[in-house]
Amino acid sequence: MELQAGTFDPNDPGWQGLTLTPAAAKHICALVEKQPELLGVRLGIKQTGCAGFGYVLDTVSDPVADDLLFEFDGARLYVPLQAMPFIDGTEVDYVREGLNQIFKFNNPKAQHECGCGESFGV
């Protein structure tokens with residue numbers, strides 16, 4: 001499945017948007033506090049992995065024109081419009097797994113994920 005720009009209309013009343021848990025919002029705010037030139041984090045996707053798509057997180061200092069902005073508890077999450085058909089409704093969390101702390105994605109559109117959890121299919 002190829003990413004298609006313009007396949008998601010943010011004005012459609014059926015869309016859910018994205019949410020951040022308090023832990024994810026707190027972590028993003030801490031990143032921005034340490035690097036004042038940052039505005040927030042961008043969550044996108046790319047075609048990769050054994051399941052089809054992978055999540056991509058980047059810091060944002062300059063938003064892109066087609067980014068949608070979601071704000072929670074002072075944290076800003078930017079999402080490219082073309083990613084929304086694949087991640088609409090996703091909850092972004094920040095969790096501890098053993099010694100690691102990572103972002104986790106609860107994506108209701110993911111029909112399957114690879115064993116490592118880094119890629120998903122829709």
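Trainee: How many salt bridges does the count come to?

Mentor: This is a predicted model, in which local features need pLDDT of at least 70 and side-chain atom pairs count only at pLDDT 80 or more, while totals for chains, interfaces and linings use all residues. Residues are numbered from 1 along each chain as its sequence is written, and side-chain values use heavy atoms, with hydrogens and water left out. A salt bridge here is a side-chain nitrogen of Lys or Arg within 4 Å of a carboxyl oxygen of Asp or Glu. By this rule, the count comes to three.

Trainee: Which residue meets D67 in a salt bridge?

Mentor: D67 lies in strand β4 and its partner in strand β2, 25 residues apart, where strands are DSSP runs of E with at least two residues, numbered from the N terminus. D67 is buried at 13% relative accessible area, buried meaning under 20%, exposed over 50% and partly exposed in between, with a 1.4 Å probe and protein chains only. The side chains meet at 2.7 Å, N to O, and the partner is R42.

Trainee: In which sense do strands β4 and β5 pair?

Mentor: Two strands pair if DSSP finds at least two bridges between them, and β4 (residues 67-72) and β5 are joined over six bridges. The two form a hairpin with two residues between them, and D67 stands opposite P80 in β5. The sense of this pairing is antiparallel.

Trainee: How many of the six residues of strand β5 are buried?

Mentor: Strand β5 covers residues 75-80 and is mostly covered. R76, at 32% relative accessibility, counts as partly exposed. The number of buried residues in β5 is five.

Methods. Helix = DSSP H or I, 4+ residues; strand = E, 2+ residues; numbered from the N terminus.
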